[in-house]
Amino acid sequence: MNLSVPQCVTPAITALLVLGVTAPASAQFEEADTLPRFSVGAFGDFGFRNKRGETAAGDEVSFTSSPGGGLRLDYRLTQTLTLAAFGSYTRVQERVEFSDGTVSVFDPHFDLFHFGGELLVRVKPRIPGYFILGGGAQHVAPEGDDPGLQLTSTDSFTETFGIAGAGYEFASTRGRAFRVNFRFFLINPADQERYNPKSIEIDFVLGAAFILRL
């Protein structure tokens with residue numbers, strides 16, 4: 001079942017704010033300027049996806065919410081700025097909410113590949129919370145070549161997106177760290193023949209990562 005953005009945002013923001021306020025600065029066990037500049041990480045997330053477009057009959061088209069995962073490479077530019085590149089994969093289905101209120105989820109699946117970059121911004125070096133700004137591209141690869149009831153194109157296509165969010169780093173040492181975060185993906189849906197895409201699709205993603213410093 002797809003959940004709306006407001007249902008997910010409030011608990012996530014509240015949890016990160018509580019962590020940021022209650023965690024002492026000593027949670028960062030190492031001084032920032034002694035940490036290695038390069039790090040790699042593995043992450044998992046869950047994406048809550050919203051409406052991509054609408055048919056002439058008023059039916060709303062979206063992809064199903066689903067888990068995903070990927071890898072990232074970080075480079076610490078300064079004590080408060082980190083530049084990152086990432087790639088991830090998830091698998092979804094097409095979801096249609098008809099004008100009469102009924103909902104159907106159709107096969108086959110779609111493979112979603114995300115490639116992008118991010119800037120992690122800390123207010124101060126020893127504050128474990130950070131803001132996230134970035135962008136990239138989403139490549140959508142349909143599994144089937146027969147449209148059937150499927151409204152989204154059976155040909156592969158690529159869409160651009162922007163990222164805005166926040167995160168919290170904990171259990172940080174010279175060799176590793178853990179992160180939790182939330183992100184808004186502002187996607188520009190590709191043109192479709194069987195429905196009219198929105199100008200911007202806003203998806204909400206909750207994630208966690210393990211970071212290994214090199």
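Rings of Phe, Tyr and Trp (its six-membered ring) pair if their centres lie within 6.5 Å; planes under 30 degrees apart count as stacked, over 60 as edge-to-face and the rest as tilted. The model is predicted: local features need pLDDT of at least 70 and side-chain atom pairs count only at pLDDT 80 or more, while totals for chains, interfaces and linings use all residues. Residues are numbered from 1 along each chain as its sequence is written, and side-chain values use heavy atoms, with hydrogens and water left out.

**Exercise 1. Aromatic pairs**

Task: State how many aromatic pairs the rule gives, and classify the pair of Phe182 and Phe184.

Solution. 
- Step 1. The rule gives 12 aromatic pairs.
- Step 2. The ring centres of Phe182 and Phe184 are 6.2 Å apart with 85° between the planes, an edge-to-face pair.
- Step 3. Buried means under 20% relative accessible area, exposed over 50%, and partly exposed in between (1.4 Å probe, protein chains only). Phe182 is therefore buried, at 7%, whereas Phe184 is partly exposed because its value is 21%.
- Step 4. Ring pairs also join Phe182 and Phe184 with Phe46, Phe48 and Phe204 in a cluster.

**Exercise 2. Fold and burial**

Task: Describe the secondary structure of the chain and give its buried share.

Solution. 
- Step 1. Helices (H or I, at least four residues) and strands (E, at least two) are DSSP runs, numbered from the N terminus.
- Step 2. Of the 214 residues, 43% are buried.
- Step 3. With contact meaning heavy atoms within 4.5 Å, 66% of the contacts between residues at least 6 apart in sequence join residues at least 24 apart.

**Exercise 3. Nonpolar cores**

Task: Find which residues of the largest nonpolar core touch the most other members.

Solution. 
- Step 1. A nonpolar core is a set of buried Ala, Val, Leu, Ile, Met, Phe, Trp, Tyr and Cys residues joined through side-chain atoms within 4.5 Å.
- Step 2. The largest core has 13 residues, and Phe86, Ile132, Phe161, Ile163 and Phe185 touch the most other members.
- Step 3. At least two residues of this core come from each of β7 (129-142), β8 (157-170), β9 (176-188) and β11 (201-213).
- Step 4. Beyond its neighbours within four places in sequence, Phe161 has contacts that include Phe86, His114, Phe115 and Phe185.
- Step 5. A second, separate core has seven residues, among them Phe63, Phe110, Phe157 and Ala190.

**Exercise 4. Salt bridges**

Task: Count the salt bridges and locate the partners of the Arg91 and Glu143 pair.

Solution. 
- Step 1. A salt bridge is a side-chain nitrogen of Lys or Arg within 4 Å of a carboxyl oxygen of Asp or Glu. The count is 14.
- Step 2. Arg91 and Glu143 form one at 2.5 Å, N to O. Arg91 is in strand β5 (residues 81-97) and Glu143 in the loop between β7 and β8, 52 residues apart.
- Step 3. Both side chains belong to partly exposed residues: Arg91 has a relative accessible area of 34% and Glu143 one of 45%.
- Step 4. Glu169 and Arg122 form a salt bridge with closest N and O atoms 3.2 Å apart. Glu169 lies in strand β8 and Arg122 in the loop between β6 (103-121) and β7, so the pair ties together parts 47 residues apart in sequence.
- Step 5. Glu169 and Arg122 are buried.
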